[in-house]
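Q: I'm new to looking at protein models. Could you walk me through a few features, one at a time?
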Amino acid sequence: MIARNQDDRQQQRTLLTVLALNAGLAVALGVGGWSADSSALLANAVDNTSDAAVYLISFFAVGRAASWKRGAARFSGIMLLIFGAGVLLDAGRRFLVGTEPIGPTMIVLALVAAVINLICLQLIRRQKSGDINMRAAETFSFNDFASNGGILVAGGLVLWLNQAWPDLIVGVLVAAIAVKGGIDILRDAARNLPDAGEPT
């Protein structure tokens with residue numbers, strides 16, 4: 001029981017750390033995405049905002065009954081699906097009305113975000129926990145890190161070609177990664193049924 005309580009406290013500390021990092025990153029990406037007129041950066045900002053909300057929910061799920069944890073994980077998956085749909089709609093709007101993203105801003109913020117998300121991913125993986133919410137947190141951080149690589153490439157192409165389409169394409173790809181992650185989390189929650197005698 002003592003070891004379990006220590007594991008729970010360590011999970012909570014980790015989740016609070018990645019929560020703070022993602023909240024700060026969301027603000028930076030939001031401001032940068034708005035000033036750079038970048039669909040990909042704004043998509044990443046909304047993604048990190050949803051991540052921070054889910055990390056907060058996962059924080060409160062630590063040490064609770066299995067049914068509570070499954071509910072928190074399902075909520076995480078649904079938030080990712082909603083986020084993906086919102087980014088797709090925004091990319092469509094930008095395609096119709098036009099956009100002029102700023103490549104250098106995209107590159108710098110993508111590099112900063114990649115470093116922060118890699119730190120978050122390593123912190124979560126150190127837990128070596130089979131907890132469903134920690135697995136969801138790992139999915140979020142990995143998705144973010146992959147998205148940052150796409151934004152870095154898009155920023156380079158925007159700078160090189162002086163065209164907006166790389167930014168729009170990466171914005172859609174970020175949404176697709178989020179949708180896949182949401183589906184994976186919901187499937188994991190569905191498979192994670194209580195064993196006989198497990199508290200629900």
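Q: Let's begin with Asp47. Which helix is Asp47 in?
A: This is a predicted model, so keep that in mind as we go. Asp47 belongs to helix α2, which covers residues 39-61.

Q: Is Asp47 buried or exposed?
A: Check the relative accessible area: under 20% counts as buried. Asp47 comes out at 2%, so it's buried.

Q: Which residues does Asp47 touch?
A: Skip residues up to four places away in sequence, and you're left with Leu80, Phe83 and Asp144. There's also Val174: it sits 127 residues from Asp47 along the chain, yet their C-alpha atoms are separated by 8.7 Å.

Q: How do I check the span of helix α4?
A: Count 1.5 Å a residue. Helix α4 (residues 103-125) has 23 residues, so it should span 33 Å, and its end C-alpha atoms are 32 Å apart, which agrees.

Q: Which residues of α4 are buried?
A: First, the general idea: an α-helix has 3.6 residues a turn, so residues three or four places apart point the same way. Now the case here: the buried residues of α4 include Met106, Leu109, Ala113, Asn117, Cys120 and Ile124.

Q: Which residues form the nonpolar patch on the surface?
A: They're Trp160, Leu161, Trp165, Ile169 and Leu173, with about 560 Å² of accessible area together. Helices α5 (132-161) and α6 (165-191) each supply at least two of the patch residues, and α6 gives the most, with three.

Q: What about Leu161: where is it?
A: Leu161 is in helix α5. Its relative accessible area is 31%, so Leu161 is partly exposed.

Methods:
Residues numbered from 1 in each chain as written. Predicted model: local features only at pLDDT ≥ 70, side-chain atom pairs only at ≥ 80, totals over all residues. Heavy atoms only, no water. Helix = DSSP H or I, 4+ residues; strand = E, 2+ residues; numbered from the N terminus. Expected span 1.5 Å × (residues − 1). Buried < 20%, exposed > 50% of the residue type's maximum accessible area, 1.4 Å probe, protein only. Patch = residues over 30% accessible without salt bridge, like charges linked within 9 Å, V, L, I, M, F, W, Y side chains within 5 Å. Areas by Shrake-Rupley, 256 points an atom, 1.4 Å probe, with all protein chains shown as cover. Salt bridge = Lys/Arg side-chain N within 4 Å of Asp/Glu carboxyl O. Contact = heavy atoms within 4.5 Å.
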